[in-house]
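Good morning, colleagues. Please look at the model on the screen while I take you through its sheet and its aromatic contacts.

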Amino acid sequence: MSLALLLLLAPAAPALECLTPSMPPPPDRPTEGTGLYAFDPSDVVVFLESTSGGVRIHYSVSGPNVTILDDADADGVPDFPELVGDAVEGAFQAFQAFGFRPPVSETEMGLGDLGGSPAFDIYLVDFAGVGDGMFSTDACTTEPSHCSGYIVMENDFEGYGYPDLETAVTTLASHELFHAVQMAYESGSPVWYTEGTAVWAERLFDLYNEDFLRFADAYLEDTGRSLDQPPSGPVPTFAYATCLWWWFLTLKYGVGVNAAIQEGLEWDGAPKDTLTEMVLAIEAQGGGLAEDWSTFASWNLATRGRAGAMESYDFAVQIGPVEITAQGWPLEDDNRFYPLAASYFRFSHPGGPMWFAHEDDASGVVFVLHPVADGEPEGPVADAVARWTPTAEPERQRLSADLPAGGYFVVGSYAAVADTSRKVHFCIGDEAAVDACVPEGTDDTGDTGEDRLPDLDTGVDDSRNCGCASSGRGRGSGLALAGLLLALGTVRRRR
């Protein structure tokens, strides 16, 4: 990308001379020397502007916030700000190619040309190790709530944990820019959605993004927590970690399902609920939340050392494994199943009959049985051999008259949007163990002579390879998504 370097010689006061006098910038613009992260009055601030005029990077060439000024290609422009410009410009193009709106400009908000032009502004400021980037708003409308703003990014990433500058810049550019995209739809969405989809956008822009994998791995450490219920306090890791669910939906339906959720959240005269809009977007693609969430929970089981024998993510061996809630044969547990969460159970079956019984209201809870491949006690899990949904009333049933010996995992998920959890006492074992586990009078559905193991369609149908077009209305596979991302690779630097 060809960029022109423009110097603003104002060392005593780095405010930009071309700002409209009648529309002063908000007090927290970094060039004003105020706000959480700002330039110092002694900084000599210059900017780099893309040839399209869409992006402007402000940075210091002298002072406390001086950035990396190395110019390895000797083109007269420091390489680091140029790298930032490439990444942000590339993310702009990629997100719009996938059908998302561009960020709202300050000009659209009637604020004039903050930063000296209508371009989207990036400020490179020293975060002193307490952060690495943020999207900050200038102003917002109401009903619908749209906001304009700018990005502040770490000026040199010295002492940060990124493997290299390109990884740091690519991660921050895509994450923070997607926050700006979100503000073009609705500014009041919950943090578990905004941060989770911003990390999702990191991988959408860069399939090799390591930050996404780190948060996806973190999700598998807390699968028993509801998707929409992160821990209280400052923005927790779990909010970012929901990225894994959004990527699963992308693999099944294409990027358009996420764009549809964003569109659904926009004000149309009534408040919007994020989970409701999510369910509507899934159903518009011909899917259903119960099936999708149950499949998602099974994919999360098939990770790390349990990956490879069934369909799951192409990065499955790099994340996980999930925590096991309870194990043993016979298996008995008194588990609380939370909405849009999952619990995992393990046992080694000696071979022969398998029975299941439960007390309490278990409606909405979906159980899925996965054998370990090749009859091993532990290792890669194979495709599910059973899926069953208990009733609201206690029951006792034979699931199999002759289950092969080997290791098994049971995935239990409350695959629904609900206000309360389900606390269920259940047992899996032979008939004698289940008899001892359940109270007298429990409905017995095991005397029919028929096993209760229905066939289960657990995966994404690879034959439905319609690609991930920017309209997003077709169901796409991971390969189709990767192809489009590679096609977009020309808009950003490649590793």
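By buried I mean under 20% relative accessible area, with exposed over 50% and partly exposed in between, using a 1.4 Å probe and protein chains only. The model is predicted, so local features need pLDDT of at least 70 and side-chain atom pairs pLDDT 80 or more, whereas totals for chains, interfaces and linings use all residues. Residues are numbered from 1 along each chain as its sequence is written, and side-chain values use heavy atoms, without hydrogens or water.

I begin with the aromatic rings. Rings of Phe, Tyr and Trp (its six-membered ring) pair if their centres lie within 6.5 Å; planes under 30 degrees apart are stacked, over 60 edge-to-face, and the rest tilted. The structure holds 38 such pairs. One of them joins Y219 and F296, tilted, at 5.8 Å centre to centre and 45° between the planes. Y219 belongs to helix α4 and F296 to helix α9, 77 residues apart; helices are DSSP runs of H or I with at least four residues, strands runs of E with at least two, numbered from the N terminus. Y219 and F296 are both buried.

W329 and F347 form another tilted pair, at 5.1 Å and 40°. W329 is partly exposed, at 25% relative accessible area, while F347 is buried at 1%.

Finally, the sheet. Two strands pair if DSSP finds at least two bridges between them. Five strands form an open, mixed sheet in the order β7-β9-β14-β11-β12, with β7 and β12 at the edges. Strands β11 and β12 run antiparallel, joined by 3 bridges.
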